Amino acid sequence: LPNSAGGSAAMSDATIVGCQWINGRWPNKRALQFQSVNDRVRLTVPGDFEALTLAAWVRVQEHCAWSARDSAGEVVFKGRMWIFGGYTPGLLADVWSSADGVEWQQEGEIPSQSGINIPVNWVHGGRMWVADNEGTLFASADGSHWERVNDQTPWNGRYATGGAVFAGRMWVLGGKSNGALH
């Protein structure tokens, strides 16, 4: 496995043990497939470190129960991963959850007229919160029953905003509308 990190002239390459190269998710991209508990990649990181973090995408399921999509909302709530809405092409408002990322169950639908696509979403006050494409705000304590909280959010018209919970409040960050960044 060649080391392609910038400034890596003095560092050695890694060794693939047991893994196989397969086609990746995107055209002309490859991925390593780990099928055995003995499959691994060995590498040397020079230096002394108090802590070292490595990150890797690991596919735990070939196909999920929900349809392939992008631009969905995601949160972690009550010990479960949640996904809602997205683009297929076509906008969705379905709600799915999983405790392990392998077994998924459909919990319900957000009663949105426009669908959920690149939503701003939060977990706050014992509920999940999500705004749809037209700026309608919904909340749910269980993922099955969604309450319309507000028909028009103050940030209506912004696309691809970020959301955060800080100091006991829900915040909307950035976004884009009419070609302008916020």
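The protein chain has zero helices and 16 strands; helices (H or I, at least four residues) and strands (E, at least two) are DSSP runs, numbered from the N terminus. With a radius of gyration of 21 Å, well over the 16 Å that the globule rule gives for 182 residues, the chain is more spread out than a compact globule. That radius is taken over C-alpha atoms, and the rule is 2.2 Å times the number of residues to the power 0.38.

This is a predicted model, where local features need pLDDT of at least 70 and side-chain atom pairs count only at pLDDT 80 or more, while totals for chains, interfaces and linings use all residues. Residues are numbered from 1 along each chain as its sequence is written, and side-chain values use heavy atoms, leaving out hydrogens and water.

Buried residues (under 20% relative accessible area, 1.4 Å probe, protein chains only) make up 29% of the 182.

Now to your core! A nonpolar core is a set of buried Ala, Val, Leu, Ile, Met, Phe, Trp, Tyr and Cys residues joined through side-chain atoms within 4.5 Å. The largest has twelve residues, including Val75, Phe84, Ile116 and Trp146. Strands S5 (73–77), S6 (80–87), S7 (91–98) and S10 (127–131) each give two or more residues to this core.

Leaving aside residues up to four places away in sequence, Trp146 touches (heavy atoms within 4.5 Å) Val95, Ile110, Met128, Val130 and Phe138, among others. Apart from this core lies another, of seven residues, among them Trp122 and Trp155.

Methods: Buried < 20%, exposed > 50% of the residue type's maximum accessible area, 1.4 Å probe, protein only.
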